[in-house]
Amino acid sequence: AHSGHGVTEVIAWLKEKAGGHAERVAVAIETPRGPIVEGLLQVGFAVFSLNPKQLDRFRDRFTLAGSKDDRLDARVLGRSLRTDEWAFRRLRLDPGWLVRMREASRFEDELKEEQRRLVNRLRAVLQRYHAELLALLPSADEPWFWDLVEQAPTPAAGKRLSPRRIKKLLSEHRIRRLTADDVVARLREPELPVGPGVIEACSEHALLLVPRLHLLAQQLGRCQAQVQRLLDELDSGEEPAQTNEHRDVRILRSLPGAGRYVVATMLAEAWRPLENRDYRTLRAVCGAAPVTKQSGRMRFVQMRYACNHRLRHAVHHWAWNAARRDPRAALLYQAMRERGLSHARALRGVADRMLKLATTLLEKGELYDEALRAAA
């Protein structure tokens, strides 16, 4: 049973079978984290994780009929761990700060995705009956625009808004790219011809979406502040993260183009390769390492798809920021583009060099110094 009593009972049964020596037992499991994994690790069992796709391949060694059940999977996992332990990943308990960082950074991505969905819904609703409002901000993703929708949910309400009220709205949100006259002129454009009941129904829909967008923006700000606070705590040495002279967070934050989001994602999703200074594993999980396929005379290299997609997005933005800020990264990007490579392929090349630079600095325990790199 997936409960505290059930997990405790199964752990006690395993420990009894091992004669009280939990360190003699190796456990093969598909999931890398959760109450069962953490409970086994706390007692002292050696827990190994296998990707479900790998388990599916191992299953073909025992049956070709395509059958699948829990007993067969248990047999496949146990026998495969005995014969191919190298294919499994041994799990360890993560430190508390890492769990907090991972939850906060992942929740930030979830909030951003949910915000994009709601913004797209708001745009679709406004496009149906209030398109002149979208001319002010086609993306419809800023809080001042949501407040404007609340004050002008219908074209008729928008025409009644006074310049003074609009000026106050823009001033509260510090919007300088638009003036009150620009907004008034746009709101008084001829409205779209729509059928009966469309304006009433769509305006009610828009007014329901706006409070949710404000709430998401507030939660996203709190989440980003929490991530920033965790990074600052690690950087200041309040958490016992590393024994090196310079902490990993400080080194990663010193790299060109590596901001709050990139550093938090790297720590949350690639902590073990960073801790082990494992460049090969790091470039593979980030999607920067290419995949070579060769058979006979056929040979081609393609992009790696089996990777952590959060890390892929993070290093993509990291490489693009580095190419705009760091002269050597910019030269590398330009050289790859001149060879005919695509923008994304060039950024993967830049990301690969930045990952190598990061692991080298972590090994040496040194901060990034642009002057030293230029001299080298």
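Here is a short tour of a predicted model, stop by stop. Local features come from residues with pLDDT of at least 70, side-chain atom pairs count only at pLDDT 80 or more, and totals for chains, interfaces and linings use all residues. Numbering starts from 1 along each chain as its sequence is written, and side-chain values use heavy atoms, with hydrogens and water left out.

**Salt bridges**

A salt bridge here is a side-chain nitrogen of Lys or Arg within 4 Å of a carboxyl oxygen of Asp or Glu, and the whole structure has 22 of them. Helices (H or I, at least four residues) and strands (E, at least two) are DSSP runs, numbered from the N terminus.

Start by selecting D56 and R59, whose closest N and O atoms are 2.8 Å apart. Both sit in helix α3 (residues 52-59), three residues apart, about one turn of the helix. D56 is partly exposed at 31% relative accessible area, while R59 is buried at 8%.

Next, pick R92 and E275, which meet at 3.4 Å, N to O. This pair links distant parts of the chain, 183 residues apart: R92 is in the loop between β3 (89-90) and α5 (96-129), E275 in helix α14 (residues 271-276).

Then go to R260 and E108, with N and O 3.1 Å apart. They are 152 residues apart, R260 in helix α13 (residues 260-269) and E108 in helix α5. R260 is partly exposed at 23%, but E108 is buried at 1%.

**Two loop residues**

Select A140, in the loop between α6 (131-134) and α7 (143-151). Its phi is near 55°, a positive value in a residue other than glycine. R174, in the loop between α9 (163-172) and α10 (180-187), also has a positive phi, near 55°. Which of them is buried? A140 is, at 0%, whereas R174 is exposed at 68%.

**Cysteines**

C286 is buried at 1%, and C223 is buried at 3%.

Technical notes: Buried < 20%, exposed > 50% of the residue type's maximum accessible area, 1.4 Å probe, protein only.
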